[in-house]
Amino acid sequence: MNYLVCCLALLFSILNLYSVKIGNKKLKMATKPFLVPLIFISFALNSSVIGNRWLLFLIASLYCCGDILLMFDNKYAFYIGAISFACGHICFATYFILFNFDIVFAFLGLVLYLTHLYFHVKKLKSVKKDIKLELIYSSLIGILFVSIFGSLKLDLVSFDLFAVVGIILFVYSDSRIAYSRVKIIEKNDFEIMLTYILAIILILISVVYMRGSLLI
């Protein structure tokens, strides 16, 4: 069963990226709702996962809801979608914190993220005065960023690098969205989706395969 789900997750990822590349809106709308759930399920069904499957399914549902809402060109749908993603980030952060939390690594993550946030806010404020929504959302991604760094363990650091690279890609993808919304850059949906998909896969490789002994 899991191999079938993995194949479907790969197929929908390729089809979604292809639809974005060629600008096929119908194919994009048909594949996007299944994209994240299939990726999460393919990892959650792995036999190495002892606990926390319910939390992974919840995160997948929240991200999926956000993905669907962001497909509509409506500001209210965008706001609700952003809230759904934010809740997903908080759940993901909870997953990491339950596994392990090292204050030294967490502080390192905080310093790195605050450095990014400083330049991120400066860039946004150069073209837009009111950036409350962007700042709130960026702060929630920062919670996930710090949580991932705080869960690092020296004996697993080579595997935890998957999660570190993943969260960096997550931040990059969301930054592209923010910059395109305020017209700093042209929106590149393919780049955004590619980094988004890779971010989730890399984080899940670390979370699921390397943290299978976590029980709650």
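**Helices α2 and α3.** I looked up helix α2 (residues 25–44) and helix α3 (residues 53–69), whose axes come within 8 Å and cross at roughly 165 degrees. Helices here are DSSP runs of H or I with at least four residues, strands are runs of E with at least two, and both are numbered from the N terminus. The axes are lines fitted to C-alpha atoms, for helices over the stretch in contact, and angles run from 0 to 180 degrees between N-to-C directions. I noted α2 and α3 as roughly antiparallel to each other. (Angles under 35 degrees count as roughly parallel, over 145 as roughly antiparallel, 65 to 115 as roughly perpendicular and the rest as oblique.)

I then listed the residues that make the contact, meaning heavy atoms within 4.5 Å. From α2 they are K32, P33, V36, P37, F40, I41 and A44, and from α3 they are R53, L56, F57, I59, A60, Y63, C64, D67 and I68. Sorted by class, the contact of α2 with α3 has 13 nonpolar, no polar and 3 charged residues. (Ala, Val, Leu, Ile, Met, Phe, Trp, Tyr, Cys and Pro count as nonpolar, Asp, Glu, Lys and Arg as charged, and the others, Gly among them, as polar.)

**Basis.** I am reading a predicted model, in which local features need pLDDT of at least 70, side-chain atom pairs count only at pLDDT 80 or more, and totals for chains, interfaces and linings use all residues. Residues are numbered from 1 along each chain as its sequence is written, and side-chain values use heavy atoms, with hydrogens and water left out.

**I200.** I found I200 in helix α8 (residues 189–209). I200 counts as buried because its relative accessibility is 1%. (Buried means under 20% relative accessible area, exposed over 50%, partly exposed in between, with a 1.4 Å probe and protein chains only.) Leaving aside neighbours within four places in sequence, I200 is in contact with V36, I39, F40, Y63 and F170. I200 and I39 are 161 residues apart along the chain, and their C-alpha atoms are separated by 8.1 Å.

**Cysteines.** I counted 0 disulfides, a disulfide being a pair of cysteine sulfur atoms within 2.5 Å. For C6 the closest cysteine sulfur is that of C7, at 6.9 Å, too far for a bond. C6 counts as partly exposed, at 31% relative accessibility. For C91 the closest cysteine sulfur is in C87, at 6.9 Å, also too far for a bond. C91 counts as buried at 15%.

**Whole chain.** I noted 8 helices and 0 strands in the protein chain. Buried residues make up 50% of its 216 residues.
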